Amino acid sequence: MFRKTETKFYLSEEITRQNGQAVKPTQLRIPSDQDQKMARKQQQQQFLTPQELPSHTPGAMFGGVKEKRRCLCRLFRHKTQPELPLNRSIEVEKNIIKYANSEWATEKPMAMRMKKGYTEVSKQYECIRRIRGDNYCAMRSVLFQILTTCDINKCILTQFPTMDSAFKRLEVLRGEFGELVGNWSFGQNERLRESSNLKDCIKTFYQLIGDLKNETNPKRRDRVVAELNSNNVGYFEKDARLMEFVKFLMFSKAACLYEQLREGREIPNWFLFLTLRDNSSSLEDFFHFHLNLVGDSLGLEQIEMFLLGVALNVRIQAFRLKSVDEQDFVTHYPSKDDTSLPLDAPSVSLIAEDDRHYNVVYSLK
């Protein structure tokens with residue numbers, strides 16, 4: 001079940017409430033253009049995080065009940081993040097406690113839970129930066145943390161220390177999976193597809209880390225923010241290229257793991273669960289129904305956060321605020337006892353209010 005607590009709007013596979021009345025999924029009405037205009041007018045300056053409902057059958061998104069559910073979700077979804085200016089992928093730095101008190105100012109149970117979660121996180125970290133709420137947000141959050149808080153030589157560069165090594169891996173993948181690489185969607189970003197290819201995305205990353213080589217914080221952090229926020233008439237080309245580079249790393253790692261699975265070699269437990277999902281039994285299915293849609297109609301699901309961490313050679317620590325009083329308040333992708341990563345792998349920290357959108361937290365020390 002997917003539950004919108006603050007708005008008293010509920011969605012589930014079996015029943016949905018529309019205008020206060022319980023209706024079957026087949027009775028759902030897709031909001032008209034007029035409905036959406038009225039909703040936008042009522043929302044005014046409020047921002048509704050553009051995260052899609054979780055879908056375990058991505059192929060179903062092209063029509064039917066789940067598409068109707070998505071349309072309704074867009075119209076009524078719960079306010080969780082204020083709107084970022086159109087020219088920013090990374091918001092300005094804020095104190096965590098001040099941010100929590102301004103975003104969750106009421107005394108409602110959900111607001112109190114969120115503020116309690118932020119208070120717990122503030123015991124370790126002082127600052128928060130909001131990340132633009134598109135379907136790249138998980139990848140953008142992790143990459144931002146790697147570039148600003150980690151030794152890159154111990155993360156991404158352990159697999160591909162040079163740009164040439166990444167180019168060679170791309171050619172290997174193109175030789176083995178030419179059709180998949182040829183159908184790379186670039187998040188359905190037409191401007192990016194027309195002006196770039198995967199080599200350009202790889203080149204953008206290595207040029208950036210070359211520029212950052214002699215920078216130290218806070219100048220390093222400011223430089224990364226400036227690079228990710230650079231845009232041309234509202235088009236974040238450098239940001240989009242970097243996100244597609246991260247997808248390339250995930251595709252490369254997934255190809256290795258699927259090969260291990262075919263050969264009967266040992267694979268991580270999380271990857272076994274990933275392959276048991278609908279449309280993930282093969283690399284081709286995983287690419288077409290999951291990875292290639294990231295940045296367009298899908299964000300990363302929780303199980304795919306494991307692949308993201310392993311592909312970037314970093315352990316992702318996520319504070320899940322809605323679970324503040326539960327055992328899984330702090331979740332690691334992958335876990336500390338998982339052999340997918342070495343024990344000394346760098347760690348980055350994210351914060352999530354709804355398991356779909358991620359922001360970054362860090363200390364100034």
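Buried means under 20% relative accessible area, exposed over 50% and partly exposed in between, with a 1.4 Å probe and protein chains only as cover. The model is predicted, so local features need pLDDT of at least 70 and side-chain atom pairs count only at pLDDT 80 or more, while totals for chains, interfaces and linings use all residues. Residues are numbered from 1 along each chain as its sequence is written, and side-chain values use heavy atoms, with hydrogens and water left out.

View A. Strands (E, at least two residues) and helices (H or I, at least four) are DSSP runs numbered from the N terminus. Y358, V360 and Y362 point one way from β10, N359 and V361 point the other way, and all are buried. Because five of the five residues of β10 (residues 358-362) are buried, the strand is largely enclosed by the rest of the structure. Two strands pair if DSSP finds at least two bridges between them. Strand β6 (residues 127-129) pairs with β10 in the antiparallel sense over three bridges, and V360 is the bridge partner of R129. Strand β9 (residues 347-352) also pairs with β10 in the antiparallel sense over three bridges, with N359 as the bridge partner of I351. Five residues lie between the strands in the hairpin of β9 and β10, where D355 takes a positive phi near 65 degrees.

**View B. Salt bridge between K116 and D325.** A salt bridge is a side-chain nitrogen of Lys or Arg within 4 Å of a carboxyl oxygen of Asp or Glu. The structure holds 22 salt bridges. In the one between K116 and D325, the closest N and O atoms are 2.7 Å apart. The pair links distant parts of the chain, 209 residues apart: K116 is in helix α4 (residues 109-122) and D325 in the loop between β7 (315-320) and β8 (330-333). K116 is partly exposed at 40% relative accessibility, whereas D325 is exposed, with a relative accessible area of 53%.

View C. D239 forms a salt bridge with R140, the closest N and O atoms being 2.8 Å apart. D239 lies in helix α11 (residues 237-262) and R140 in helix α5 (residues 137-149), so the pair ties together parts that are 99 residues apart in sequence. Both D239 and R140 are buried. A network of salt bridges links R132, D134, R140 and D239. E244 and K247, three residues apart in helix α11, also form a salt bridge, with the closest N and O atoms 3.3 Å apart. E244 is buried at 0% relative accessibility, and K247 is buried with a relative accessible area of 0%.
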